[in-house]
Amino acid sequence: MKKWFVALLAVTLMFTLLADFGGKESIVICSSAEQFRNDALQKQLHDRFPEYNVVVMYMSTGKAAAKIYAEKENSEVDILIALETGYLDKIKDSLADISGISRIPYLEGLAPADNHNLWVSWERQAGAIVVNREVLDKYGLEAPTSYADLLKPEYKGLVAMPDPKSSGTGYFFYKSWVNTMGEDGALEYVDQLYGNLKQFTESGSGPIKLLKQGEVAVGLALTFQAVNEINAGQPLEIIFPETGSPYSLTGSAVIKGHTEKPGVQEVFDFIANEFIVYDKENFSPEAVFEGQHNQIPHYPQNIQYADMHGIQDIQEKERLLDLWKY
């Protein structure tokens with residue numbers, strides 16, 4: 001616990017030092033998106049708002065939520081991006097009412113009104129079974145077509161998935177199993193799957209890294225990361241589970257009281273209505289709003305999504321993680 005507070009203090013100091021720059025009004029954005037996406041946002045904000053010192057900093061979704069939960073309205077962070085909606089619900093008392101800011105035609109169930117007007121949906125992070133065709137051929141294996149196939153003895157030591165306790169990706173696979181198999185069935189399935197796993201990876205990108213290195217044949221991974229690697233020439237293939245692609249949702253918000261700070265509402269308007277379109281077209285294309293375009297080659301079309309009821313319930317997440325014994 002002491003180490004966690006020291007780390008949080010160090011991050012807070014870093015934010016403060018970076019925000020105090022050049023005598024311009026500073027706006028601090030805490031993003032849980034990948035760094036290359038943050039870099040693109042930083043450049044566009046620099047070009048669009050030269051009168052402000054806008055700082056985009058990465059922080060994992062759990063640490064970002066913990067920071068706001070501890071600091072509340074006194075945080076130097078003004079805007080949150082790509083934070084899991086379950087965590088947003090946990091810190092909702094520290095979020096500003098942003099009614100009417102979003103003009104995005106969200107798909108049913110993802111509209112700002114469904115989120116108490118405290119945040120807007122940012123992205124749907126979805127996953128699939130991803131295989132390395134060369135590794136499968138090396139061992140003379142057929143590609144799995146279902147979660148049940150991953151229990152076959154021939155896959156022993158050749159499967160990887162993210163750890164639900166440290167990865168939102170790992171958790172949405174776990175939650176999809178609970179929703180489709182029942183709690184006891186899901187836990188029994190994990191007990192059997194464990195025998196075939198090479199490892200639980202700490203991050204959601206871990207299985208893709210192992211697939212690229214040829215250390216595993218099968219990974220439970222993020223679809224958009226797999227597509228990026230396929231486009232880069234990796235021998236990967238995406239297989240959607242029979243129950244659909246599991247996913248979680250992230251959102252973006254403003255800290256309570258910070259909408260009165262010069263530039264914050266203006267910058268958030270740009271992020272929530274313009275950059276979100278660019279981000280979905282070029283980086284994270286899972287369906288979020290109507291008329292959404294995808295410029296990423298080879299991205300799967302007409303994806304069927306899994307039943308993910310309860311994915312935004314942080315109390316349910318904490319309860320299920322308490323049952324996770326690995």
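Is S32 buried or exposed? S32 is buried, because its relative accessible area is 15%, where buried means under 20% relative accessible area, exposed over 50% and partly exposed in between, with a 1.4 Å probe and protein chains only. This is a predicted model, in which local features need pLDDT of at least 70 and side-chain atom pairs count only at pLDDT 80 or more, while totals for chains, interfaces and linings use all residues. Residues are numbered from 1 along each chain as its sequence is written, and side-chain values use heavy atoms, with hydrogens and water left out.

S32 sits in the loop that runs between β1 (25-31) and α2 (35-48); helices (H or I, at least four residues) and strands (E, at least two) are DSSP runs numbered from the N terminus. A polar atom of the S32 side chain lies 2.7 Å from the backbone oxygen of M59. Apart from neighbours within four places in sequence, S32 is in contact (heavy atoms within 4.5 Å) with Y58, M59, S60, T61, A64, I81, A82 and L83.

The protein chain as a whole holds 11 helices and nine strands, and buried residues make up 56% of its 326 residues. Of the contacts in the protein chain with a separation of 6 or more, 76% are between residues 24 or more positions apart. The radius of gyration of the protein chain, taken over C-alpha atoms, is 20 Å, which agrees with the value near 20 Å for a compact globule of 326 residues, the globule rule being 2.2 Å times the number of residues to the power 0.38. Along its principal axes, the C-alpha trace of the protein chain spans about 65 × 40 × 35 Å.

Technical notes:
A polar contact is a pair of N or O atoms within 3.5 Å; within protein, one must be able to donate a hydrogen and the other to accept it, and residues adjacent in sequence count only if both atoms are side-chain atoms.
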